[in-house]
Amino acid sequence: MHLSEFLISLFFGVLALWMNCSALANAEVVTCSGIVPMRDRDDKISITDFGGVGDGVTLNTKAFRKAIYRIEHLQRIGGTILHIPPGVYLTGPFNLTSHMTLYLAGGAVIKAIMNTENWPLVAPLPSYGRGRERPGGRYMSFIHGDGLDDVIITGENGTIDGQGDVWWNMWRQRTLQFTRPSLIELMNSRSIIISNLTFKNSPFWNVHPVYCSDVVIQYLTILAPADSPNTDGIDPDSSSHVCIEDSYISTGDDLVAIKSGWDEYGISYGRPSQDITIRRVNGSSPFAGIAVGSETSGGVHNVLAEHINLFNMGVGIHLKTNIGRGGVIRNITISNVYMKKARKGIKISGDVGDHPDENYNPNALPVLKDVIIKDVSGEKVQQPGLIRGLKDAPFTGICLSKISLGGAPGTRNLPWQCSDVSGGAVLVSPSPCSELTSSQQIGACSSI
């Protein structure tokens with residue numbers, strides 16, 4: 001990312017956050033973060049107690065592993081804080097343990113090593129059947145955890161830096177042997193808080209809770225260059241009761257993408273993502289702002305996204321699936337969205353994403369129904385919307401209400417395009433496609 005692009009992106013992020021804070025100053029803040037209360041811990045250790053050196057050169061992998069081993073095996077009542085003081089702590093990937101807080105002081109940076117040859121491999125996720133990018137296993141995430149309870153990753157806006165350039169270049173040059181690592185991945189875990197930090201330059205997805213429940217993610221800044229491949233911001237995956245709030249994300253892929261498994265593997269695993277709230281998220285990306293999919297084979301149910309500000313976007317709102325996915329996407333509500341400069345405002349599509357192998361079932365058709373998108377405004381949007389269901393599995397119950405998406409001056413602006421969809425549209429400008437505006441369809445929006 002060039003400095004000028006970074007400063008523009010940061011300006012819009014600060015502006016959006018200021019707008020949110022100003023609006024909320026006169027109103028009670030609505031939050032879902034109470035699902036996991038912040039926990040005080042009496043026991044506190046420092047990474048320097050275990051030989052950690054924050055000079056940006058010394059390798060601290062052993063120090064992190066020793067400190068976390070101590071937390072795991074001494075099992076202090078109430079858990080332990082691992083404090084990272086100011087400095088740059090270079091380290092290889094490491095595992096967290098239950099009942100711990102990883103706390104980064106202001107000015108603290110945990111930085112990933114760039115040597116990929118000794119990066120540990122882990123098994124593919126069962127709901128994916130293989131690595132997302134390459135067959136076989138995958139590289140372990142930089143900060144990882146499996147089967148954990150009561151974990152907090154927070155601080156005073158310290159930084160976790162994945163140094164992703166080397167991984168991005170391997171992807172571009174097609175020299176990857178296995179799927180790239182996420183920055184943070186927690187599996188089969190519950191009661192998780194990730195807050196008050198900056199994440200930058202992730203090799204792959206940034207924050208990936210998978211098979212988790214009761215997760216709060218808030219007050220994050222997530223940054224990666226716009227051309228960095230697959231650097232999604234936050235991807236709840238086959239997870240439930242997830243709260244994502246008050247964050248700024250500027251990356252090379254979707255800002256928030258809800259997933260639940262890939263084709264026959266996700267269908268077999270059968271764990272949906274459900275009861276997910278996304279609120280006061282701002283950012284920019286050449287891909288989507290708020291996304292569902294395309295890996296949705298376990299289903300995605302009961303999603304609320306509101307008060308979203310997007311700038312310089314590929315697509316503002318994108319619900320995406322494909323033949324072979326199976327799964328049910330239902331009860332999705334997205335409201336109070338502002339976007340400035342986007343190729344497409346709203347896209348709901350049934351022909352997106354690839355397949356893990358040739359064994360997917362072409363008769364496993366996804367179901368997408370009961371979607372409300374309302375109170376959306378935008379300017380410099382080249383196409384307000386595109387909705388394409390599947391001929392043998394039309395999208396149903398799509399309600400568009402109070403939507404105004406102005407075109408981009410001096411460019412060729414496309415009209416709405418729709419097929420294999422039913423629902424309704426009320427107070428939508430430019431006027432949407434006929435499939436949503438016929439008199440018998442308006443009732444689909446009568447309840448809002």
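Ala, Val, Leu, Ile, Met, Phe, Trp, Tyr, Cys and Pro count here as nonpolar, Asp, Glu, Lys and Arg as charged, and the others, Gly among them, as polar. This is a predicted model, where local features need pLDDT of at least 70, side-chain atom pairs count only at pLDDT 80 or more, and totals for chains, interfaces and linings use all residues. Residues are numbered from 1 along each chain as its sequence is written, and side-chain values use heavy atoms, with hydrogens and water left out.

**Stop one: the lining.** Select R132, N230, D253, F287 and D354. Of the 33 residues lining the largest pocket, these are the closest to its centre. By class, the lining has 15 charged, 11 nonpolar and 7 polar residues.

**Stop two: R132.** The charged end of R132 sits over the W262 ring, 4.0 Å from its centre (CZ of Arg or NZ of Lys within 6 Å of the ring centre and within 35 degrees of the ring normal).

**Stop three: aromatic pairs.** The structure holds 10 of them (Phe, Tyr or Trp rings, for Trp the six-membered one, with centres within 6.5 Å; planes under 30 degrees apart are stacked, over 60 edge-to-face, the rest tilted). Select F204 and W205. Their ring centres lie 4.8 Å apart with planes at 15°, so the pair is stacked.

Next, select Y211 and Y269. This aromatic pair is tilted, at 4.6 Å centre to centre and 35° between the planes. Y211 is buried, at 2% relative accessible area, while Y269 is partly exposed at 32% (buried is under 20%, exposed over 50%, partly exposed in between; 1.4 Å probe, protein chains only).

**Last stop: a cluster.** Select F64, F94, W119, Y139, F142, W167 and F178. Ring pairs link them.

Key. 1 Å grid on protein atoms, 1.4 Å probe; cavity = no way out; pocket = protein on both sides within 12 Å on 5 of 7 lines; lining within 4 Å.
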